[in-house]
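Visitor: I would like a close look at a single part of this model. Please take it slowly.

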Amino acid sequence: MGFFEIFDISLQVFDSTIRLATPLLLACLAGLFSERAGIFDIGLEGKMLIAAFMSAAVAYVSGSAWVGLLAGIGASMAFALIHGLASITFRGNQLISGVAINMLALGVTALMALAWFSQGGRTPTLLGGARFQNLTLPFAETLSGVPILGPIYAELISGHSILVYIALAMVPLTWWVLYRTRFGLRLRAVGENPAAVDTAGISVVFLRYAAVAICGVLCGIAGTYLSTAIQAGFTEGMTANRGFIALAALIFAKWRPWYALSACLLFGFFFAIDNRFQNITMYSWLAIFALFAIAAALIFAARKSRLDMAVLGGFGVILAGLGTALWLGVGLDGTIVLPVQLMQSLPYILTVVILAGFVGKAIPPRAGGEPYVKER
Amino acid sequence: MSLMKNLLGAAVAVALTAGAALAEPAIIFDLGGKFDKSFNEAAFNGATRWAEETGESFREIELQSEAQREQALRRFAESGSNPIVMTGFAFGDALSEVAGDYPETTFVIIDMVVDGPNVRSVVFNEHEGSFLVGMMAAKASESGTVGFIGGMDIPLIRKFACGYVQGVMAANPDAKVIQNMTGSTPAAWNDPVKGSELTKAQISQGADVVYAAAGGTGVGVLQTAADEDILSIGVDSNQNHLHPGQVLTSMVKRVDNAVYNAFSEGPGLETGLQVMGLGNDGVGYAMDDNNASLISDDMVAAVEEAKAQIISGDLTVHDYMSDNSCPAN
């Protein structure tokens, strides 16, 4: 394989990474706002799903993708407010409310799609302006002749739907709102210590509702992206657990916006790899080396506490054992085939490793999951 | 209280005898629902055709959850419906539990084999239909590379893939087939976004005809194929109309014929295994106005010849499920 072939393939994989990471990123930032304000939200999936349906249905009826986007955001916000009502006003259990929202969205979208369009829980195919088309950035055509940089600009950076650029712009925006504005400071404080915020005379309820509403908007964009940008219509259950993967990415990112970007890109990259290559053939010495390196890193990281030693150390020993078995079984000059299932499960394995404490502790907002009660 | 009990008992008895007297046929649709534009809808169409032709009526239920399978079967059986048709392999376990308890009732299960003196198991030779569309794919391809995208990685989908590859190879021995499965969990049936990405990945590897046997995921495959201006092949029902002029053909399973036959034959239908293949119009490729411009006479001639050979037994298409392996790749 020559350099240009490898370059081409990596370009395609990175292009796919961006498309796959976008809905994760939006949902992840949505969860970030909500959880930073102390409201756990496992209903990301449900909000994306209702937004995917509403945006596709309204875009089809109105013929405009932008009207669809507004409808998607509206539907997602309505669900977000239900979650807010249950968990802020009525101080219910946030996990249960989130589960309820996921189930409600799954049922409601299928039912409404069937009643509205009778096409087996689908919306009709969106054509023309009812769908977000891919944008070609200025000079993409002219620059595409330039070696290396040309294709990178023309294929990787240009040629995505506008929602992709919106999602990417949300990262610095989220950072700025959370860390550089008064609102952001209060929002973070309300997730750590709501009583202190309340003592300062600021409404905890208002801040939490605001966070939940922002979460609704972002989930709305995520769902709309799925059904009217990469797809041309809604299909039942089309979010396919992306909301939960976004939650994993949120933990992986330790509730920080820039980390969220890298976590989502990393997960998107794994998915892109698994789409592009079904089984990866690899030199065994490389695999053995990688296994030993990861095992050593894990054991090195496990020295910190006893729990880590049990979990990470154990994991490291298993990996080292696997490496040794490979060495003895295949030898250094053979090749091994990595099954596609391994690539598919990598994001989850990584999350488990993170949860176990590797790469620093992932500490959730202190008041997360607890309804705020003013006086006891 | 006891009066109430007696009344209720009498009411139930009346209801039961009334049901038994009618002996209407019944059909149970699987979780996708009867308007799924695919498998269940085809079954529904077959039942409706029978009802329109005979002027009689049938009973039906759309399942809402896994737990209802056995319940629905028992309810129809106890109310005297006969025969009872169910769509989908997922009924296998429930039916083997229930069938023995109602020896007087005849059951028909589609896409699955269940043993029992009162059970007819209808299976389709998907590999034969896939073989034919594979030949068409190879003939329509200009790059010599075609793709296959399966839903959940189960033997049934491998059977589609294997028949398809054999067909491609029969028409063009130098062709290359790229195969992808969407996933290994049931979520793989409903992930059009991943279907799109897999299609794009296959296109970047040179594929210019893609066959999707992936349920809802296939919608994404057909969409992306149309967006990127390559050809696609639909599955189960005729999906040519989804993107007119851009879906080469569809590998159709005539579930409607299976249901229609069962209803027509009535309670005394012949039980045992019934194979729906090319010979008895159980599987085939879809031709209509939407794809007429894509199919050349040469293609039809070659496919029809192969079809005749398969029916006469001169040509055998290997069935993946017979030994869980595929001779072609």
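Into which domains is chain B divided, and how is the sheet in chain B arranged?

Guide: This is a predicted model, in which local features need pLDDT of at least 70 and side-chain atom pairs count only at pLDDT 80 or more, while totals for chains, interfaces and linings use all residues. Residues are numbered from 1 along each chain as its sequence is written, chains are lettered from A and ligands numbered from 1 in the order in which they are written.

Chain B is divided into domain 1 (2-124 + 256-276) and domain 2 (127-252 + 296-323); these bounds come from an automatic or database domain assignment. The C-alpha centres of the two domains of chain B lie 32 Å apart.

Now the sheet. Helices (H or I, at least four residues) and strands (E, at least two) are DSSP runs, numbered from the N terminus. Two strands pair if DSSP finds at least two bridges between them. In chain B, six strands make an open sheet with parallel pairing, in the order β2-β1-β3-β4-β5-β11. Its edges are β2 (59-62) and β11 (272-276) of chain B, each of which pairs on one side only. From one strand to the next the twist averages 15°; axes are lines fitted to C-alpha atoms, for helices over the stretch in contact, and angles run from 0 to 180 degrees between N-to-C directions.
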